[in-house]
Amino acid sequence: GLIFYDTKVTVMNRVLNATVQRTADHAAPEITLDPLEIVGGEIRSSENSYFCQAARQLGCVPSSQLCVKLASGGDPTYAFNIRFTGEEVHGTSGSFRHFLWQVCKELQSSSLSLLLLCPSSAVNKNKGKYILTPSPITYAEEQLLHFFGQLLGIAIRADVPLPLDLLPSFWKTLVGEPLDPDVDLQEADILTYNYIKKFENISDETELEALCAEIASQHLATESPDCPNKPCCKFTYLSLTGEEVELCPRGRHIPVGWENKDVYAAAIRSLRMRELQTPECMTAVRAGLGSIIPLQLLTTLTPLEMELRTCGLPYINLEFLKAHTMYQVGLMETDQHIEFFWSALEMFTQEELCKFIKFACNQERIPFTCPCKDGGPDTAHVPPYPMKIAPPDGAAGT
């Protein structure tokens, strides 16, 4: 936390350019995607998603072929080229960016089960934020998580911010920072957090009985074996994926009482913390990321900086965009229609601005740093900067 973000990025970029493995005399790997598989936005089976189509084809490409130099001015070098069946696309930039945008949409939808909407989202806290799905993984899922990690690294080398909304706990685990059992649990699952607090704050047995009765009315508790009408909780709890799990051996048969209520609360907390860390899944993601960028770089970044480097800012800064816009011959910033253009954009909501950016350069988020600093004409821009505004193609007239 003592080093400025810009300084870290400069060092990081130097390391990324020094660890390039695919040189100019090697052709980029090419994959072919079939847009008809996801026609109408409905993916009938996860195998048809762009994510899985790409993972299958890139599975046999050595990762060294995907380690390219950082994108800079001109037509940037990307990790791989994409051909869409039946579509004629000029250049490699547009289709590559469209692919990354589509893949992020798939990851944050029900078609792929790698990410899970955080439970707090249901009660309007951290709405639309995701975590890794915490469950034992199959070999096929491990391969997909590995590819997900590779995509994070590929996006960093391409400087295309990914429109992913992941909870801070994901970035913390990725950079190897320990989770906070209070803050991170509250962020991810506020209902469970409040449930644990209720058990921790009980001052006598009658309160415990009342709490068990309240839980029984929500069908989480059963009747006590000793007194048939007295409700009681057992040492079980629902996992994030909705299955009932035992918090200790034979937990289904152990009732929660005054003497073990704190053990019960601690067991639920450690279940959730384990699920948020998902060591199996995170190992696969880190392995994928490590095949594209050196993992040692992560030791310098805070979780927030890692998120900024990978996903950029989720909002568009119009002043920054203005500073990185070029007007082609015959146009001036002071022309009336150019002023109309900017004032129209100023009236857009953030959501509309993202759609405008997607229309203009096929990605929803744009990098918020650029080596040229002030949009000076002499220095290299990071694609998709600069935005170019050209005169109309038609004949002169009103």
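**The whole view**

Keep in mind that this is a predicted model. Start with everything shown as a cartoon: the secondary structure comes to 14 helices and ten strands. Along its principal axes, the C-alpha trace spans about 90 × 50 × 50 Å.

Of the 398 residues, 46% are buried. If you draw contacts between residues at least 6 apart in sequence, 66% of them join residues at least 24 apart.

Colour by charge next. You will have 32 positive and 49 negative side chains, with the centres of the two sets 3 Å apart.

**Stop 1: helix 11**

Select residues 303–311, which form helix 11. How many of the nine residues of this helix are buried? Eight of them are, so helix 11 is mostly covered. The buried ones are Pro303, Glu305, Met306, Glu307, Leu308, Arg309, Thr310 and Cys311.

To find the cover, show helix 1 (5–18), helix 4 (139–158), helix 5 and helix 10 (279–290), which are included in what lies over these buried residues. Then step just past the end of helix 11 to Gly312, which takes a positive phi of about 65 degrees.

**Stop 2: Thr310 and Trp171**

Zoom in on Thr310. Is this residue buried or exposed? Thr310 counts as buried because its relative accessibility is 0%. Leave aside neighbours within four places in sequence, and the contacts of Thr310 are Leu152, Ile156, Val160, Pro161, Leu162 and Trp171.

Pick Trp171 from that group. Trp171 sits in helix 5 and is buried too, with a relative accessible area of 0%. With the C-alpha atoms as end points, Trp171 and Thr310 are 10 Å apart in space, while 139 residues separate them in sequence. Apart from residues within four places in sequence, Trp171 is in contact with Leu166, Pro303, Met306, Glu307, Thr310 and Cys311.

**Stop 3: salt bridges**

Side chains of opposite charge can pair when their charged atoms come close. This structure holds 16 salt bridges, and here are some to click on.

- Select Arg83 and Glu30: their closest N and O atoms are 2.9 Å apart. This pair links distant parts of the chain, with Arg83 in strand 2 (residues 81–84) and Glu30 in strand 1 (residues 30–33), 53 residues apart. Arg83 is partly exposed at 46% relative accessibility, and Glu30 is partly exposed at 44%.
- Select Lys172 and Asp184: the closest N and O atoms of this salt bridge are 2.9 Å apart. Lys172 belongs to helix 5 (residues 168–175) and Asp184 to helix 6 (residues 183–188), twelve residues apart. Lys172 counts as buried at 16% relative accessibility, and Asp184 counts as buried at 2%.
- Select Asp189 and Arg272: this salt bridge has its closest N and O atoms 2.8 Å apart. Asp189 lies in the loop between helix 6 and helix 7 (190–200), and Arg272 lies in helix 9 (residues 261–277), so the pair ties together parts that are 83 residues apart in sequence. Both Asp189 and Arg272 are buried.

For a network of salt bridges, select Asp182, Lys197, Glu200 and Arg269, which are linked in this way.

**Stop 4: Thr192**

What does Thr192 touch, not counting residues up to four places away in sequence? Tyr237, Ile268 and Arg272 are the residues there. Thr192 is buried, with a relative accessible area of 2%.

**Stop 5: a charged patch**

Finish with the surface on. Select Asp204, Glu205, Glu207, Glu209 and Glu259, which gather in a patch of negative charge there. Click on Glu209, found in helix 8 (residues 205–217). Glu209 counts as partly exposed because its relative accessibility is 39%.

How values were computed
Residues are numbered from 1 along each chain as its sequence is written. This is a predicted model: local features need pLDDT of at least 70, side-chain atom pairs count only at pLDDT 80 or more; totals for chains, interfaces and linings use all residues. Side-chain values use heavy atoms; hydrogens and water are left out. Patches are made of residues with over 30% relative accessible area and no salt bridge: like charges are joined within 9 Å, nonpolar side chains (Val, Leu, Ile, Met, Phe, Trp, Tyr) within 5 Å. Accessible areas come from the Shrake-Rupley method with a 1.4 Å probe; for residues, only the protein chains shown count as cover. A salt bridge is a side-chain nitrogen of Lys or Arg within 4 Å of a carboxyl oxygen of Asp or Glu. Lys and Arg count as positive and Asp and Glu as negative; His and the chain ends are not counted. The place of a charge is taken as NZ of Lys, CZ of Arg, CG of Asp or CD of Glu. Helices (H or I, at least four residues) and strands (E, at least two) are DSSP runs, numbered from the N terminus. Buried means under 20% relative accessible area, exposed over 50%, partly exposed in between (1.4 Å probe, protein chains only). Contact means heavy atoms within 4.5 Å.
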